Amino acid sequence: MALGLLLVTACGTKKKVAEVATTTPEKTQEVVQQEKFLQKVNDNALYSKFLTSKVKFRIQVGPQDMTLTGNLKMKRDDVIRLQLMAFGFVEAGRLEFTKDYVMIIDRINKQYIRANYNQLDFLRNSGLNFYSLQALFWNELFMPSETKVTDEVLKNYSSSVGDDNVVITYERDKMSYKWLAEQSTGRIQMANIIYKDKIHGQTQLNWDYSDFTQVDRKPFPKKHNVTFTSPASTKEVKVGLTLNYIEHDEEWETRTELSGSYTQVSVSDILRRFMAL
């Protein structure tokens, strides 16, 4: 009797499992295409640990317009450094992003600003951290508050496939994150981040990529054009980066040490001090 009950129970269990399996919805062709495309975009990420380049740097704030040369040095998951040169050989300023802080140095006036990401309103409100900024510099997808985009993370994005380009979207609270990618290659051509606040207004960061070249057999943009608008300022900030001689130099110190002759200034003075370089 016990054996008979066991067999009946087992058969019933198998039947239920079979019923569950048959009712599981299959992925539509559209979903499969979206997943494949997102994987293609993510696969364009460089494998390199280091990326260095000579750079032409231009910043425009309202009527103010400044162009400098310099160096971009990045170590994946560790630091992003932009050195700005005056007269082609004297370092005038330096921007350094690490996992723990943002630092801007005015070499000429011996002043600097050092702040964590929570002290900068837009970065704090948007959930942007070092890894998000790194993705923008490296021309990659990112997920706020995540250190990397895994296959599992890819499931959080939605995409709209068109004829030539695909819009990739992720929405969270007051934030909207969008990327425009080329359908045939998966190259990211633009990233757009918007923070919407009914009281304080809308803050927007737009990062355009162009003039792609091959780096480690992957497409990588030599031109980066960044536009930042904020209700806190009536002036639009534009930054242009043109990379030349892209390499993988490893022989450089990844942290900047300052002598006691430098004076720290407040976070509110960042833009004014930077434009005074």
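Here is a short chat about charged side chains in this predicted model.

Colleague: What makes R107 and E91 a salt bridge?
Modeller: Their side chains meet at 2.9 Å, N to O. The cut-off is within 4 Å for a Lys or Arg nitrogen and an Asp or Glu carboxyl oxygen, so the pair counts.

Colleague: Where do the two partners of that bridge sit in the chain?
Modeller: R107 lies in the loop between β5 (102–106) and β6 (111–115), while E91 belongs to strand β4 (residues 90–98), 16 residues apart.

Colleague: Why is E91 called buried?
Modeller: Its relative accessibility is 17%, and buried means under 20%, so E91 falls in that class. R107 has 21%, which puts R107 between the 20% and 50% limits and therefore makes it partly exposed.

Colleague: How do you know that D197 and K174 pair up?
Modeller: The closest N and O atoms are 3.0 Å apart, and the limit is within 4 Å, so this is a salt bridge too. D197 is in strand β10 (residues 188–197), and K174 is in the loop between β8 (165–172) and β9 (175–182), 23 residues apart.

Colleague: Is D197 buried or exposed?
Modeller: Buried: D197 has a relative accessible area of 11%, and the cut-off is under 20%. K174, at 41%, is partly exposed.

Colleague: What about K155 and E152?
Modeller: They form a salt bridge with the closest N and O atoms 3.3 Å apart, and both residues are exposed.

Colleague: How many salt bridges does the structure hold?
Modeller: It holds 11.

Conventions
Residues numbered from 1 in each chain as written. Predicted model: local features only at pLDDT ≥ 70, side-chain atom pairs only at ≥ 80, totals over all residues. Heavy atoms only, no water. Helix = DSSP H or I, 4+ residues; strand = E, 2+ residues; numbered from the N terminus. Buried < 20%, exposed > 50% of the residue type's maximum accessible area, 1.4 Å probe, protein only.
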